[in-house]
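The following explanation is intended for a reader who meets this structure for the first time. Please keep the sequence and the structure in view while reading.

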Amino acid sequence: MSKEPVAVVGIGQTKHVAARRDVSIAGLVREAAQRALDDAELTWADIDAVVIGKAPDFFEGVMMPELYLADALGAVGKPMLRVHTAGSVGGSTALVAANLVAARVHGTVLTLAFEKQSESNAMWGLSLPIPFQQPLLAGAGGFFAPHVRAYMRRSGAPDTVGSLVAYKDRRNALKNAYAHLHEHDLTLAKVQASPMLWDPIRYSETCPSSDGACAMVLTDRAGAARAPRPPAWMLGGAMRSEPTLFAGKDFVSPRAGKDCAADVYRQAGIADPRRDIDAVEMYVPFSWYEPMWLENLGFADEGEGWKLTESGVTELDGDLPVNMSGGVLSTNPIGASGMIRFAEAALQVRGQAGDHQVDGARRVLGHAYGGGSQFFSMWLVGSEPPAS
Amino acid sequence: MPEVLKAPLVVEFPFTRSLGPVQSAFLTGLRERVVLGVKTGDGRTLVPPVEYDPVTAEEIRDLVHVGSTGTVTTWAWNPEPRRGQPLTAPFAWALVRLDGADTALLHALDAPGPDAVHTGMRVRIRWAEKRSGAITDIACFEPYDGDDAEVTVHAGEFQDPVIGIVAPARLDYTYSPGRAQSAYIHALSDRRTVGERCPSCRKVYVPPRGACPTCGVATAEQVEVGPRGTVTTYCIVNIKAKNLDIEVPYVYAHIALDGADLTLHGRIGGIPYGQVRMGLRVEPVWTEGGRYPDHYRPTGEPDADYDTYRELL
């Protein structure tokens, strides 16, 4: 028996900001969930199950927050699942929810991911004082910067490519009302003059710390037929993982990322991603990850990804727009960041991305990664239902 | 087999909580010695209050002022109170249904012993002398034999409401790095770096984990590597981290010790940070009593050819 086609019929986000002091965690997730229900013109009673994701519990210090959030998300008396795969969790949460629909376990599922970073400090949460280990690292930037340098050496990319990505994403964010950073006065020169934090990564090439939530309503073919607005259809979705460190690990282009993309393309019948995919929302917490993931995801040959960035192909009006929403570089409620990528991809193929809409986007990839480049989750969504 | 190491690991953080409208009213009320509950769609009163109806999922905001007296619905004796608990002497954890409420609130009940506590007993709040808008504004419950209190509707509006609290959390672990890493750390005390070779793929893991993550088999064969190695990649850290006693800027490098099949991480010294480069040959510098090399410094050898370490990037 073939799988049930999965449609996205409702999408909701909060306005992402540094600190939402006016709401509890429950109030924050509720806001995104209510907007997703409103978009789908459904009520809590129409939801069969809830699948929720967030990054490590240390990020807010609420152990198993899903227990406390059940009533805010209308999950009382229904199945509720928590997913955790570090920074990729927003993507994998959506995929777990989608699989419940595809397997015909449930007809309509609410999926949601969140982070309220203002309640803690992610840099602290990622740098616990493990006994017998030499404390050296200063947060995620210190972890990823050497891999960026390795990419620069391997590809021969000019030093300026990272700043081009940051400048593009921040300008795209100006067209997205939900984005956290709206830096109206930013110039390329300011990006290039911003302080070097973890050389080669500059301040303006790093993501902010945000409070925010994102929710989607996923449903089956019958649910999609009742939807008031055009659905986005899942054409392929996959997850892959690998260890943080092992002999032969390629941090610049991890094997798990390549395999994950290949699986999605196979499911969706994509022969040439560069030709067959119209736009990408990818997880770029540090600007250089745009060219790195362009290669890892098969949009460019190894060592060539930066040329797409440098020549403007990934601009909003380019041939392969990347991070039309402003991306993680403009908005990073960590646990939600992956789901925002997935949701923004769906908004594009629904034609509902507003000022950052790519004209005629028919197939868009949503991508997330997490941990030490060890968890990957991706989906490809389309404006038309899957062929079979 | 050498001793497996163990050490305490304390994870501690002052988390902040933004309360939202209902918890804000509840905690501000406690500061004013007012206990607020919330009305659900089916007419029940929940104490402590919640923001969303557990039955209908609708937003609920109708607050009521319930009594500061109530009835124990169940309890458990706590013979040895721990750090941070409401009372230092032995007490009962009790679920108390306050007069006018339909649900019970968990708190401490001050009683001389378990024989003095029973389900159905009447209790009242003992308020803390100093109150800030926190659950600890209720110092505890105490036995009470007076009348029930009246219940009235309350707007939940107060002067200078509490909108956020600090919730310190602390977890105490005993951490052990396990057999393989303990052996690695013991060898370091002799200033030797010892990894383990996978019997299947022959890769040498430093530090060893006791198993090869690629082949999924145990590793046991010890292999001494280094002491010299090659900088494969690095970054220059310009941010001073809390609790980290290293002056910035410093170079944080991935170093492939000679004979190892993956890199370990270390600081590079003895050379201006701007002159550190990929391929730089380095050796460890030890300080008296240091568990790890303090840093690595250039050996003066010619740089390693890119092809010799590109697989280790």
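The paragraphs below treat each chain in turn and then the contact between them. The model is a predicted one.

Chain A may be taken first. Its secondary structure comes to 14 helices and 11 strands. Along the principal axes, the C-alpha atoms of chain A fill a box of roughly 55 × 45 × 45 Å. A compact globule of 388 residues would have a radius of gyration near 21 Å, and the 19 Å of chain A agrees with this. Of these 388 residues, 62% count as buried. Among the contacts in chain A with a separation of 6 or more, 80% are made by residues 24 or more positions apart.

Which residues of α9(A) are buried? They are A256(A), G257(A), C260(A), A261(A), V264(A), Y265(A) and A268(A). Seen down the axis of α9(A), these buried residues fall within an arc of 165°, so they line one face of the helix. Just after α9(A), G269(A) takes a positive phi of about 70°.

Chain B has another composition, with 3 helices and 19 strands. The radius of gyration of chain B is 31 Å, well over the 20 Å that the globule rule gives for 313 residues, so chain B is more spread out than a compact globule. Its C-alpha trace spans about 90 × 45 × 40 Å along the principal axes. Of the 313 residues of chain B, 37% count as buried. Residues 24 or more positions apart account for 57% of the contacts in chain B with a separation of 6 or more.

Strand β5(B), residues 69–78, is joined to strand β6(B), residues 91–98, by 8 bridges, and the two run antiparallel. Within this pair, W77(B) stands opposite A92(B) of β6(B). On to the next strand, β6(B) also pairs with β7(B), residues 105–109, in the antiparallel sense over 5 bridges. Here A94(B) has H107(B) in β7(B) as its bridge partner. The hairpin of β6(B) and β7(B) has 6 residues between the strands, and G100(B) in this hairpin takes a positive phi near 100°.

It remains to consider where the chains meet. The contact takes 46 residues from chain A and 50 residues from chain B. On the side of chain A that touches chain B, the elements giving two or more residues are α1 (25–40), α5 (139–155) and β5 (196–199) of chain A. Of these, α5(A) gives the most, with 6 residues. By class, this side of chain A has 27 nonpolar, 9 polar and 10 charged residues. Strand pairing also crosses between the chains: 2 bridges join β5(A) to strand β15(B), residues 229–237, and these strands run antiparallel. W198(A) has V237(B) in β15(B) as its bridge partner.

Definitions and conventions
Residues numbered from 1 in each chain as written. Chains lettered and ligands numbered in written order. Predicted model: local features only at pLDDT ≥ 70, side-chain atom pairs only at ≥ 80, totals over all residues. Contact = placed C-beta atoms within 7 Å. Helix = DSSP H or I, 4+ residues; strand = E, 2+ residues; numbered from the N terminus. Nonpolar A, V, L, I, M, F, W, Y, C, P; charged D, E, K, R; others polar. Pairing = 2+ DSSP bridges. Buried ≥ 20, exposed ≤ 12 C-beta atoms within 10 Å, placed from the backbone. Arc of directions from axis to C-beta. Rg over C-alpha atoms; globule rule 2.2 N^0.38 Å.
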